[in-house]
Amino acid sequence: MKLRLLALLPLLAACSQEPGVPQGQETEVPKEFAAPVPPPRSIDPGVGTPLAERVATLGLLNKRNNIAQDIQMKPGESRRVGNVIVRLASCERTAPWENPPETGAFVQVLVQERLSANSRFEWHRVFSGWLFKNNPSLNVVEHPVYDVWVKDCTMEFPGAPDFPASSSNRSNASGNAKPAEEESAEPAAVPTPAATPPGDPA
(Lines give C-alpha, C1' and ligand atoms only; values in the text may rest on other atoms or scores of the structure.)
Protein backbone atom coordinates (compact mmCIF):
# COMPACT_ATOMS: atom_id res chain seq x y z
CA MET A 1 0.00 0.00 0.00
CA LYS A 2 2.82 2.38 0.86
CA LEU A 3 4.49 1.65 -2.45
CA ARG A 4 1.33 2.64 -4.31
CA LEU A 5 1.11 5.92 -2.41
CA LEU A 6 4.74 6.70 -3.14
CA ALA A 7 4.12 6.09 -6.84
CA LEU A 8 1.16 8.47 -6.84
CA LEU A 9 3.01 11.34 -5.10
CA PRO A 10 4.62 12.77 -8.30
CA LEU A 11 1.23 12.75 -10.06
CA LEU A 12 -0.48 14.52 -7.16
CA ALA A 13 2.28 17.15 -7.06
CA ALA A 14 1.91 17.80 -10.78
CA CYS A 15 -1.85 18.22 -10.46
CA SER A 16 -1.50 20.74 -7.65
CA GLN A 17 0.66 23.08 -9.74
CA GLU A 18 -1.07 25.96 -11.49
CA PRO A 19 -1.12 25.80 -15.29
CA GLY A 20 1.48 27.94 -17.02
CA VAL A 21 0.46 31.29 -18.47
CA PRO A 22 0.50 31.19 -22.29
CA GLN A 23 3.07 33.48 -23.85
CA GLY A 24 1.91 36.23 -26.17
CA GLN A 25 3.12 36.73 -29.71
CA GLU A 26 6.16 38.85 -30.36
CA THR A 27 5.26 42.25 -31.80
CA GLU A 28 8.59 44.11 -31.70
CA VAL A 29 10.17 44.56 -35.12
CA PRO A 30 13.95 44.01 -35.11
CA LYS A 31 15.99 47.18 -35.69
CA GLU A 32 17.39 45.97 -39.00
CA PHE A 33 13.86 45.76 -40.41
CA ALA A 34 12.39 48.87 -38.77
CA ALA A 35 13.60 51.25 -41.50
CA PRO A 36 10.90 52.25 -44.02
CA VAL A 37 10.77 50.35 -47.29
CA PRO A 38 11.51 52.72 -50.20
CA PRO A 39 8.53 52.98 -52.58
CA PRO A 40 8.85 51.53 -56.07
CA ARG A 41 10.06 53.90 -58.78
CA SER A 42 6.81 53.53 -60.72
CA ILE A 43 4.85 55.41 -58.02
CA ASP A 44 3.78 58.96 -58.89
CA PRO A 45 3.17 60.69 -55.52
CA GLY A 46 1.36 63.58 -57.24
CA VAL A 47 -1.71 61.49 -58.19
CA GLY A 48 -4.50 61.16 -55.65
CA THR A 49 -3.92 61.07 -51.90
CA PRO A 50 -0.28 61.67 -50.87
CA LEU A 51 1.60 58.44 -50.27
CA ALA A 52 2.13 59.10 -46.55
CA GLU A 53 -1.63 59.52 -45.98
CA ARG A 54 -2.79 56.30 -47.64
CA VAL A 55 -3.83 53.32 -45.53
CA ALA A 56 -3.67 49.74 -46.76
CA THR A 57 -5.64 46.84 -45.32
CA LEU A 58 -3.81 43.54 -45.69
CA GLY A 59 -4.97 40.06 -44.80
CA LEU A 60 -2.59 37.71 -42.94
CA LEU A 61 -3.32 33.99 -42.66
CA ASN A 62 -1.50 31.48 -40.47
CA LYS A 63 -2.11 28.14 -42.19
CA ARG A 64 -1.06 26.14 -39.12
CA ASN A 65 -3.95 27.29 -36.94
CA ASN A 66 -6.15 28.70 -39.75
CA ILE A 67 -6.29 32.11 -38.04
CA ALA A 68 -6.67 35.12 -40.35
CA GLN A 69 -6.46 38.74 -39.29
CA ASP A 70 -6.53 42.18 -40.90
CA ILE A 71 -3.55 44.51 -40.67
CA GLN A 72 -3.91 48.23 -41.37
CA MET A 73 -0.68 49.97 -42.29
CA LYS A 74 0.60 53.17 -43.83
CA PRO A 75 3.39 53.15 -46.45
CA GLY A 76 6.75 52.85 -44.71
CA GLU A 77 5.41 50.91 -41.72
CA SER A 78 6.38 47.42 -40.59
CA ARG A 79 4.22 45.11 -38.49
CA ARG A 80 5.27 41.94 -36.67
CA VAL A 81 2.90 39.13 -35.73
CA GLY A 82 4.74 36.29 -34.02
CA ASN A 83 7.53 35.20 -36.34
CA VAL A 84 6.33 37.02 -39.46
CA ILE A 85 6.97 40.66 -40.42
CA VAL A 86 4.91 42.50 -43.03
CA ARG A 87 6.39 45.69 -44.49
CA LEU A 88 4.42 48.09 -46.68
CA ALA A 89 6.14 50.33 -49.22
CA SER A 90 3.08 51.66 -51.04
CA CYS A 91 -0.54 51.02 -51.93
CA GLU A 92 -2.45 52.10 -55.03
CA ARG A 93 -6.01 52.09 -56.33
CA THR A 94 -7.27 52.96 -59.79
CA ALA A 95 -9.29 56.14 -60.19
CA PRO A 96 -13.10 55.76 -60.26
CA TRP A 97 -13.18 56.56 -63.99
CA GLU A 98 -10.63 53.86 -64.92
CA ASN A 99 -11.62 50.36 -65.96
CA PRO A 100 -11.06 47.67 -64.90
CA PRO A 101 -10.79 48.64 -61.20
CA GLU A 102 -7.74 47.40 -59.32
CA THR A 103 -6.20 47.73 -55.86
CA GLY A 104 -2.59 46.85 -55.16
CA ALA A 105 0.17 47.14 -52.58
CA PHE A 106 3.94 46.75 -52.66
CA VAL A 107 4.69 44.41 -49.76
CA GLN A 108 7.66 42.63 -48.24
CA VAL A 109 7.14 39.53 -46.08
CA LEU A 110 9.84 38.20 -43.74
CA VAL A 111 9.60 34.99 -41.73
CA GLN A 112 11.76 33.87 -38.81
CA GLU A 113 12.56 30.24 -39.50
CA ARG A 114 15.41 27.82 -39.90
CA LEU A 115 16.17 26.39 -43.29
CA SER A 116 17.49 23.08 -41.93
CA ALA A 117 17.32 21.07 -38.73
CA ASN A 118 20.88 22.03 -37.77
CA SER A 119 20.57 25.77 -38.50
CA ARG A 120 19.35 28.44 -36.11
CA PHE A 121 16.27 30.61 -36.45
CA GLU A 122 16.91 33.60 -38.71
CA TRP A 123 14.84 36.15 -40.58
CA HIS A 124 14.37 35.36 -44.27
CA ARG A 125 12.61 37.50 -46.83
CA VAL A 126 10.10 35.23 -48.55
CA PHE A 127 8.33 37.84 -50.71
CA SER A 128 8.91 41.31 -52.14
CA GLY A 129 6.66 42.76 -54.81
CA TRP A 130 3.19 43.93 -55.79
CA LEU A 131 0.06 42.12 -54.62
CA PHE A 132 -3.23 42.74 -56.43
CA LYS A 133 -6.73 42.40 -55.03
CA ASN A 134 -8.66 41.73 -58.25
CA ASN A 135 -5.90 39.65 -59.86
CA PRO A 136 -4.28 37.74 -56.99
CA SER A 137 -2.79 35.12 -59.31
CA LEU A 138 -0.45 37.71 -60.89
CA ASN A 139 1.77 37.59 -57.81
CA VAL A 140 1.38 35.42 -54.71
CA VAL A 141 3.20 34.87 -51.43
CA GLU A 142 4.55 31.34 -51.74
CA HIS A 143 5.15 30.12 -48.20
CA PRO A 144 3.96 26.90 -46.50
CA VAL A 145 2.76 28.66 -43.33
CA TYR A 146 1.84 32.28 -44.09
CA ASP A 147 -0.24 33.99 -46.74
CA VAL A 148 -0.65 37.74 -47.27
CA TRP A 149 -3.09 39.47 -49.61
CA VAL A 150 -4.46 42.97 -50.32
CA LYS A 151 -7.96 43.91 -49.16
CA ASP A 152 -8.11 47.70 -49.61
CA CYS A 153 -6.19 50.93 -50.11
CA THR A 154 -7.93 54.08 -48.88
CA MET A 155 -7.16 57.07 -51.06
CA GLU A 156 -9.06 59.85 -52.81
CA PHE A 157 -8.79 61.50 -56.20
CA PRO A 158 -9.38 65.22 -56.81
CA GLY A 159 -12.58 65.79 -58.78
CA ALA A 160 -13.73 62.18 -58.45
CA PRO A 161 -17.27 63.07 -57.15
CA ASP A 162 -17.86 65.38 -60.13
CA PHE A 163 -16.92 62.79 -62.70
CA PRO A 164 -19.98 61.96 -64.87
CA ALA A 165 -21.32 58.44 -64.58
CA SER A 166 -21.55 56.27 -67.64
CA SER A 167 -24.93 55.65 -69.27
CA SER A 168 -25.00 52.13 -67.89
CA ASN A 169 -24.70 53.49 -64.34
CA ARG A 170 -27.42 56.12 -64.53
CA SER A 171 -30.19 55.84 -61.99
CA ASN A 172 -33.51 57.39 -61.34
CA ALA A 173 -34.66 59.08 -58.13
CA SER A 174 -35.33 55.76 -56.41
CA GLY A 175 -31.76 54.59 -57.05
CA ASN A 176 -32.74 51.86 -59.50
CA ALA A 177 -31.24 51.58 -62.93
CA LYS A 178 -33.30 53.11 -65.72
CA PRO A 179 -34.63 50.70 -68.29
CA ALA A 180 -33.38 51.23 -71.81
CA GLU A 181 -36.79 52.38 -73.03
CA GLU A 182 -36.83 55.21 -70.47
CA GLU A 183 -33.54 56.71 -71.65
CA SER A 184 -35.36 58.81 -74.28
CA ALA A 185 -38.00 61.33 -73.17
CA GLU A 186 -40.05 60.94 -76.37
CA PRO A 187 -41.19 57.62 -77.84
CA ALA A 188 -39.96 56.72 -81.29
CA ALA A 189 -42.25 57.79 -84.13
CA VAL A 190 -44.29 55.01 -85.71
CA PRO A 191 -44.10 55.08 -89.53
CA THR A 192 -47.48 55.47 -91.30
CA PRO A 193 -48.28 53.80 -94.64
CA ALA A 194 -48.22 56.09 -97.67
CA ALA A 195 -51.64 57.14 -99.06
CA THR A 196 -52.70 55.42 -102.34
CA PRO A 197 -53.11 57.98 -105.19
CA PRO A 198 -56.70 58.13 -106.58
CA GLY A 199 -57.26 56.06 -109.69
CA ASP A 200 -54.37 53.65 -109.01
CA PRO A 201 -55.28 50.03 -108.45
CA ALA A 202 -54.90 48.91 -104.87
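## A polar contact at histidine 124

A polar atom of the side chain of histidine 124 lies 3.4 Å from the backbone oxygen of glutamate 113. The model is a predicted one, and this distance, like the other values in the report, is computed from it. Histidine 124 belongs to strand E6. Leaving aside residues up to four places away in sequence, histidine 124 touches Val109, Leu110, Val111, Glu113 and Leu115.

Glutamate 113 is also tied to E6 through the strand pairing: its bridge partner there is glutamate 122. The two strands concerned, E5 (residues 103–113) and E6, pair in the antiparallel sense over 10 bridges.

## The four-stranded sheet

E5 and E6 are part of an open sheet of 4 strands, in the order E3-E4-E5-E6, with antiparallel pairing. Strand E3 (78–81) and strand E6 (122–132) are the edge strands, each pairing on one side only. On average, neighbouring strands of this sheet are turned by 20° against each other, direction ignored.

At the E3 side, E3 and E4 pair in the antiparallel sense over 4 bridges, and serine 78 stands opposite arginine 87 in E4. The hairpin of E3 and E4 has 2 residues between the strands, and in this hairpin glycine 82 takes a positive phi near 65°. E4 is in turn joined to E5 by 9 bridges, and these two strands run antiparallel. In this pairing, valine 86 stands opposite valine 109 in E5.

How many of the 10 residues of E4 are buried? The count is 8, so E4 is largely enclosed by the rest of the structure.

In soluble globular proteins, nonpolar side chains tend to be buried together. Here the largest nonpolar core has 25 residues, and those with the most contacts inside it are Val107, Val109 and Val148. Two or more residues of this core come from each of strand E1 (55–62), strand E2 (67–73), strand E4 (84–93), E5, E6 and strand E7 (146–154).

Which residues does valine 148 touch, not counting those up to four places away in sequence? They are Gly59, Leu60, Val86, Val107, Val109, Leu131 and Val141.

## The loop between E6 and E7

Asparagine 135 is found in the loop between E6 and E7. Is this residue buried, partly exposed or exposed? Asparagine 135 has a relative accessible area of 36%, and is therefore partly exposed.

## The chain as a whole

The secondary structure of the protein chain comes to 1 helix and 7 strands. From the N terminus on, the elements run α-β-β-β-β-β-β-β.

Of the 202 residues in the protein chain, 30% are buried. The accessible surface comes to about 14,700 Å², and carbon and sulfur atoms account for 55% of it. Among contacts between residues at least 6 apart in sequence, 54% join residues at least 24 apart.

Technical notes: Residues numbered from 1 in each chain as written. Predicted model: local features only at pLDDT ≥ 70, side-chain atom pairs only at ≥ 80, totals over all residues. Heavy atoms only, no water. Pairing = 2+ DSSP bridges. Axes fitted to C-alpha atoms, helices over the stretch in contact; angles between N-to-C directions. Buried < 20%, exposed > 50% of the residue type's maximum accessible area, 1.4 Å probe, protein only. Contact = heavy atoms within 4.5 Å. Areas by Shrake-Rupley, 256 points an atom, 1.4 Å probe, with all protein chains shown as cover. Core = buried A, V, L, I, M, F, W, Y, C linked by side-chain atoms within 4.5 Å. Polar contact = N/O pair within 3.5 Å; in protein donor to acceptor, adjacent residues only side chain to side chain.
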